[in-house]
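Please walk me through the structure below, step by step. I am new to it and would like a plain account.

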Amino acid sequence: MEPDRLDSLAIFGGAPAFSEPLHVGRPNLGDLERFRSRVDEILDRYWFTNNGPLVQEFEQRVAEIANTEECVATCNGTVALELVTRALDMSGEVIVPAFTFVATAHALQWQGIRPVFADVDEKSLTLDPKRVEELITPQTGGIVGVHLWGHGCDTAGLQDVADRNGLPIIFDAAHAFGCSHEGRPIGSFGNAEVFSFHATKSIHAFEGGAIVTDDHELAAKLRLMQNFGFHGSDNVIYVGTNGKMSEIHAAMGLTSIEATPDIIDVNRRNYRRYFEALEHIDGLSVIPHPEDEAFNHHYVIALVGNEVGLRRDELIQLLRSENVLARRYFYPGVHRMEPYRSLQPMAHLVLPVTEDASERVMALPTGQAVSEDAVDTISAILALVQANPDAVREQLARAGKDQP
Ligand code: T4K
């Protein structure tokens, strides 16, 4: 039932709106019968990993969707980023946004590459080519753009900066599988792009990642690097690691890809419902999804403005008390996480847009586990709270716990 009075809210003593937590990243399930039959096939075949048939099929499907010549499936998106930046010989300093998940920077730092944080564009919240250009020095070894929440970043502007400076460029497309940008499937921009198929992504493989590219030579190098550098059974010709995807992960990945239309339908429905409801709440707005591109609608992101009368963190605290686990993706900005905070204590000075956005962004639960009624209830809670900010703030202060 939608709360219509303050005393129906949990912080005032009412029952939480949801008896079970609603997550931002609750995994979507595809056809479980199909998944189980694939698992049986794996067991019958006694072929569990090392470029098995399901991994090969998964790579083929991902390459088709991304419209690329090559796909190298990996154990996760972070290792995919590590592999591709290394295969492209990125070194020294690499320019990245700080408004991203920490893995974008960690994949570089892990290899002794210094991530240099550039600010994002005010409107798109993705890497701003002008800010990137300002940070280029003789030490710069590459650029990593991020298609934040599935929204393609300024690929043309960033490619131009990369070309004029002779730098390799890749895109972290962890959020953007199944999305297009400027009418072209995300996957074929830059030297290569990286997807994540983590359980919390719209299409997932429990854990998983992939590098897509049209560069055959790069793909061959990546295949060596992800399998200890083996070229044939006893012949190691390169330093490598173990970045392989296993068959059971590919089984889930293929099953998940088959469920794409259903998953996107639900995501689109939830996004539109949130968008329409929150439009009427002063100070809250849902970042619009493109209507003229393929889009996975996986993240519903609300921006919290001053007119709400409560800070973003107070709203999240309030929602948590109702069992709605909204998230601060991506607070506080990677530059304020270790080791970057200590290594680059002044980084925030060139990141005003990142700093502002990381205080205002709130990811709302969606996906197959979130019904239309649940979206209505969450929206009603937000409307009620916005209409009574002072009383809610005082009560939250009294509750004083459950900080996000
Ligand atoms: N680049 C970018 C831009 C990324 O966003 C990511 C990952 C990467 C690179 C690296 O890709 P991977 O190496 O992960 O493939 C989550 C995910 O762990 C992470 O994959 C994702 N981005 C990031 C945006 O979100 P957390 O710390 O928020 O995860 P966690 O454990 O809090 O889960 C989120 C919510 O989902 C929770 O409320 C619980 C729920 N959940 C989670 C899992 C794992 C479930 O209900 N079931 C589950 O199995 O990072």
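**A guided walk through the model**

Y46 sits in the loop that runs between α1 (32-45) and α2 (53-66). The model is a predicted one. With a relative accessibility of 68%, Y46 counts as exposed, because the cut-off for that class is over 50%.

S196 is part of strand β9 (residues 192-196). Its relative accessibility is 10%, so S196 counts as buried, the limit for buried being under 20%. Leaving aside residues up to four places away in sequence, S196 touches G77, A174, K201, I203, G208 and G209. A polar atom of the S196 side chain also lies 3.1 Å from the backbone nitrogen of H198.

Next comes the ligand. There are 23 residues around the ligand, and H23, T78, D172, H175 and Y329 come nearest. T78 has a polar side-chain atom 2.6 Å from an oxygen atom of the ligand. In the case of D172, a polar side-chain atom lies 2.6 Å from a ligand nitrogen atom. For H175, an N or O atom in the side chain is 2.7 Å from an oxygen atom of the ligand. On its own the ligand has 920 Å² of accessible area, of which the protein covers 77%. Two helices, α3 (77-87) and α4 (103-109), each supply at least two residues of the shell around the ligand.

The last topic is charged pairs. The whole structure holds 26 salt bridges. One of them links the side chains of E372 and R273, with N and O 2.9 Å apart. E372 belongs to helix α13 (residues 372-387) and R273 to helix α9 (residues 260-278), so this pair ties together parts that are 99 residues apart in sequence. E372 is partly exposed at 30% relative accessibility, and R273 is partly exposed at 31%.

Another salt bridge is formed by D356 and R360, whose closest N and O atoms are 3.1 Å apart. Here both partners lie in helix α12 (residues 352-360), 4 residues apart, or about one turn of the helix. D356 has a relative accessibility of 39% and so counts as partly exposed; R360, at 29%, also counts as partly exposed.

D7 is partly exposed, with a relative accessible area of 43%.

Notes
Residues numbered from 1 in each chain as written. Predicted model: local features only at pLDDT ≥ 70, side-chain atom pairs only at ≥ 80, totals over all residues. Heavy atoms only, no water. Buried < 20%, exposed > 50% of the residue type's maximum accessible area, 1.4 Å probe, protein only. Polar contact = N/O pair within 3.5 Å; in protein donor to acceptor, adjacent residues only side chain to side chain. Contact = heavy atoms within 4.5 Å. Near = heavy atom within 4 Å. Areas by Shrake-Rupley, 256 points an atom, 1.4 Å probe, with all protein chains shown as cover. Salt bridge = Lys/Arg side-chain N within 4 Å of Asp/Glu carboxyl O.
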